[in-house]
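Please consult the sequence and the model below while reading.

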Amino acid sequence: MEKDSYGNEVSKLARPLPVEYLLLDVPASTPLTPLNTFTSIKDITKFPVENRLIDGHIQDFDSLCKYLRQFTPLQFYESISDFHFLLYIATMDMLPMKDSMAPLLEAIKTNDKQAVVEWSRSDVWATLEQLISNTSDSAVSGHVGNGFASVQTESWTCIHCTFMNNSDRQSCDICRLPRDIN
Ligand SMILES: [Zn+2]
């Protein structure tokens, strides 16, 4: 607020508009020591990104299973430190984990692998693992340890309507659109 010569607050007309009103300070710098919150390993297909359906990114329980199966039980920390994955499990329909995730997020933030692994023994994660192993058709034979390393399911997800089709189908059973072959 501007003040007039008597000390009263007055609003001033910005006419003509002073150019400095339009200037913004934009900090542009890079840290001397980069600090990454999330680790990344090579040869891992990243978890799909939310709101990018048009690019074929589908976040569903099937993609969650596929994503987690790329990791061995010892790689829990690596598997869980993915922003899009965390966002998905926090809000997913089947088992929203948001309320149980505070210790996990804190542990990831502080790079505390021990605490992350401890969190993986929580009830909510055990429930998710149960769901994963129930979902995969042929998981029984390949079920090892944390349940990630089970056999890949023989299905594909339609990029148009997200229906899970059998692998022998060349077009979607629901919307009839052709399977997208990359
Ligand atoms: Zn479809």
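Seven helices and four strands make up the secondary structure of the protein chain in this predicted model. Along the sequence, these elements run in the order β-β-α-α-α-α-α-α-α-β-β.

**Overall chain and confidence**
- Buried residues account for 18% of the 182 residues of the protein chain.
- When contacts between residues at least 6 apart in sequence are considered, 42% of them join residues at least 24 apart.
- The protein chain has a mean pLDDT of 83, with 88% of its residues at 70 or more.
- Over residues 138-151 pLDDT stays under 50, although the model has 29 contacts beyond four places in sequence for this segment.
- Where pLDDT is low, predicted coordinates should not be read in detail.

**Phe-85 and its surroundings**
- Phe-85 lies in helix H3, which spans residues 83-91.
- Phe-85 counts as buried because it has 20 C-beta neighbours inside 10 Å, and 20 or more is the cut-off for that class.
- Once residues up to four places away in sequence are set aside, the contacts of Phe-85 are Phe-47, Tyr-67 and Ile-80.
- Gln-59 is 26 residues from Phe-85 along the chain, and the C-alpha atoms of the two are separated by 8.7 Å.

**Helix H3**
- The buried residues in H3 are Phe-85, Tyr-88 and Ile-89.
- Viewed down the axis of H3, these buried residues fall within an arc of 90 degrees, and therefore they line one face of the helix.

**The largest nonpolar core**
- Which members of the largest nonpolar core touch the most other members? Phe-85 and Val-116 do, within a core of 19 residues.
- At least two residues of this core come from each of H1 (61-69), H2 (76-80), H3, H4 (102-109), H5 (113-119) and H6 (123-135).
- H1 gives the most to the core, supplying four residues.

Note on methods:
Residues are numbered from 1 along each chain as its sequence is written. This is a predicted model: local features need pLDDT of at least 70, side-chain atom pairs count only at pLDDT 80 or more; totals for chains, interfaces and linings use all residues. A residue is buried if 20 or more other C-beta atoms lie within 10 Å of its own, exposed if 12 or fewer, and partly exposed in between; C-beta atoms are placed from the backbone. Two residues are in contact if their C-beta atoms, placed from the backbone, lie within 7 Å. A nonpolar core is a set of buried Ala, Val, Leu, Ile, Met, Phe, Trp, Tyr and Cys residues joined through C-beta atoms within 7 Å. The arc is that of the directions from the helix axis to the C-beta atoms. pLDDT is the predictor's confidence in each residue, from 0 to 100.
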